[in-house]
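Me: I've got a protein model open and I'd like to talk it through. Can you help me read it, one question at a time?

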Amino acid sequence: MMRIVLGVALTCAAAVPVSAQLGQIGKVVSVAKKANEVRDLSMTDAEEQELGAAVSERIRTRYGVVQDAAVHRYLALVGTALAQGSTRPALPWTFVVLDTDGVNAFAAPGGYVHITRGALALVKNEAELAGVLGHEIIHVTEKHTIRAIQKSKAVQMGAAETLSGSSSLMERAVTATYDNIVERGFGRAEENESDEMGVTLANKIGYAPNGLVGFLTTLKDRNQASKEKRGLFASHPEMQERLDRITKLIASKKLTATATVQPRFAKNISYKPVPVTVIATVDPGAAGLAGGDAKAAEKKEDPKAAEKTEEPKKRGFGLGRMLPSGGGEKKSAQVTASGGARGVDPEKDSKGGSNPKVVPVKLVAADITAFKKDGGLP
Ligand SMILES: [Zn+2]
């Protein structure tokens with residue numbers, strides 16, 4: 001096909017003057033482009049929710065869901081109180097506790113927020129939980145999850161395609177979104193925005209705004225401890241910078257809410273943290289993609305493919321990801337050399353439970369009002 005096109009172009013070149021040749025070639029290119037038009041992904045709110053539901057299902061299939069109604073009700077009360085103060089209160093917000101010791105939290109489009117059992121075990125009070133959930137809620141409201149895949153080559157659409165009208169496009173979008181959320185994480189800019197707006201949101205609801213700082217400090221200490229044992233996680237200036245940035249923001253914006261609601265948190269959440277060195281893991285190549293063997297194979301074939309489609313922006317710091325993901329190759333080499341764990345990230349590659357079912361929680365407005373009052377929130 002390519003050779004035939006070239007042949008035609010060469011014929012033209014021989015027959016017509018240079019200016020006309022350029023015009024001619026330009027015309028051929030523009031016709032070809034029109035016939036095979038590609039568009040960036042755009043989506044309606046309904047499509048965003050359809051995508052989010054499918055991505056959440058993949059995350060839940062990967063890590064399992066803690067089948068505990070009381071824990072889910074508590075998480076939904078804190079999460080919904082926050083979400084109602086966000087810019088997208090009407091989304092069908094869903095809060096999920098993932099059944100794994102790894103420390104992580106994932107936001108999927110359309111209002112799905114997931115936090116692991118391992119992360120809840122490190123949280124000390126409700127203000128810290130609000131800090132983590134606030135951060136994830138902002139990833140959703142600011143549509144970081146969607147923007148991250150919009151430029152992806154894998155989800156460019158044909159002229160006549162819509163996300164909900166094309167099952168293959170939806171499948172590609174789900175895979176790209178899952179990979180972005182779980183495997184690669186957001187860009188640094190998105191992480192900073194989520195930190196800032198999430199902390200502000202928690203404060204607005206009445207939670208002490210340094211909750212996120214408290215949680216991230218615990219996480220930092222946890223990873224420093226693991227360094228002594230295994231030589232992983234050498235040092236994390238990024239984490240200290242991040243903590244400093246949030247602390248400065250709290251001061252400059254004069255965020256002064258005070259509620260920590262520790263007793264209520266302790267009454268509802270009693271998971272015990274598992275040291276990062278003893279977290280059971282699974283092979284990252286096999287684990288990440290529920291039913292995605294083809295995708296895994298594709299990855300092996302061309303490990304650079306994902307990087308090529310991504311603009312070379314600085315990758316961020318997910319909650320459980322203390323090493324900067326930017327400059328990925330160098331990083332993996334370092335991890336492999338010092339840790340001997342062949343790039344296994346115990347937080348992300350942690351073993352999960354087997355039940356992917358959402359634990360449904362029904363809340364009415366009066367429940368949120370009562371919950372806030374009980375916690376001393378305005
Ligand atoms: Zn984040």
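This is a predicted model: local features need pLDDT of at least 70, side-chain atom pairs count only at pLDDT 80 or more; totals for chains, interfaces and linings use all residues.

Me: What share of the residues counts as buried?
Reply: Buried here means under 20% relative accessible area. The protein chain has 378 residues. Of these, the share that counts as buried is 48%.

Me: How many helices and strands does the chain have?
Reply: Both kinds of element turn up in the protein chain. The count is 17 helices and 5 strands.

Me: What average pLDDT does the chain have?
Reply: pLDDT is the predictor's confidence in each residue, from 0 to 100. In this chain, 72% of the residues score at least 70. The average pLDDT is 80.

Me: And how many contacts beyond near neighbours do the stretches with pLDDT below 50 have?
Reply: Let's take two such stretches. Residues 1–17 have a pLDDT below 50, and beyond near neighbours in sequence this stretch has 4 contacts in the model. Residues 322–340 are also below 50, and their number of contacts beyond near neighbours is 31.

Me: Among contacts between residues at least 6 apart in sequence, what percentage joins residues at least 24 apart?
Reply: Here we count contacts in the protein chain between residues at least 6 apart in sequence. The part of them that joins residues at least 24 apart is 80%.

**Two helices meeting**

Me: How do α4 and α17 lie to each other: roughly parallel or roughly perpendicular?
Reply: Helix α4 covers residues 69–84 and helix α17 covers residues 365–374. Their axes are 10 Å apart and the packing angle is about 95°. Angles of 65 to 115 degrees count as roughly perpendicular. The two helices are therefore roughly perpendicular.

Me: Which residues of α17 meet α4?
Reply: On the α4 side, the contact uses Arg-73, Tyr-74, Leu-77, Val-78, Thr-80, Ala-81 and Gln-84. The residues of this contact divide into 6 nonpolar, 2 polar and 3 charged. On the α17 side, the residues are Asp-367, Ile-368, Phe-371 and Lys-372.

**A few loop residues**

Me: Is Lys-143 partly exposed or buried?
Reply: Lys-143 is found in the loop between α6 and α7, and has a positive phi of about 55° although it is not a glycine. Not counting residues up to four places away in sequence, Lys-143 touches Asp-45, Glu-48, Arg-88 and Ile-138. Its relative accessible area is 30%, while buried would need under 20% and exposed over 50%. So Lys-143 is partly exposed.

Me: Val-261 has a positive phi too; is Val-261 buried or exposed?
Reply: The phi of Val-261 is about 50°, although it is not a glycine. Val-261 lies in the loop between α11 and α12. With a relative accessible area of 12%, Val-261 is buried.

Me: How far apart are the C-alpha atoms of Gly-318 and Asn-104?
Reply: Gly-318 lies in the loop between α15 and α16, and is buried with a relative accessible area of 15%. Leaving aside neighbours within four places in sequence, Gly-318 is in contact with Glu-191 and Arg-242. Gly-318 and Asn-104 are 214 residues apart along the chain. Their C-alpha atoms are separated by 7.7 Å.

Me: What about Leu-319: how far is its C-alpha atom from that of Val-103?
Reply: Leu-319 is found in the loop between α15 and α16, and counts as buried at 4% relative accessibility. Among the residues it touches beyond four places in sequence are Ala-105, Val-132, Phe-215 and Arg-242. Val-103 is 216 residues away along the chain. The C-alpha atoms of Leu-319 and Val-103 are separated by 7.6 Å.

Me: Last one: which residues touch Leu-41, leaving aside neighbours within four places in sequence?
Reply: Leu-41 has its place in the loop between β1 and α3. Leu-41 is buried, with a relative accessible area of 2%. Its C-alpha atom is separated by 9.6 Å from that of Glu-161, 120 residues away along the chain. The residues in contact with Leu-41 are Ile-149, Gln-150, Val-155, Met-157, Leu-163 and Leu-169.

Definitions and conventions
Residues are numbered from 1 along each chain as its sequence is written. Side-chain values use heavy atoms; hydrogens and water are left out. Axes are lines fitted to C-alpha atoms, for helices over the stretch in contact, and angles run from 0 to 180 degrees between N-to-C directions. Helices (H or I, at least four residues) and strands (E, at least two) are DSSP runs, numbered from the N terminus. Angles under 35 degrees count as roughly parallel, over 145 as roughly antiparallel, 65 to 115 as roughly perpendicular and the rest as oblique. Contact means heavy atoms within 4.5 Å. Ala, Val, Leu, Ile, Met, Phe, Trp, Tyr, Cys and Pro count as nonpolar, Asp, Glu, Lys and Arg as charged, and the others, Gly among them, as polar. Buried means under 20% relative accessible area, exposed over 50%, partly exposed in between (1.4 Å probe, protein chains only).
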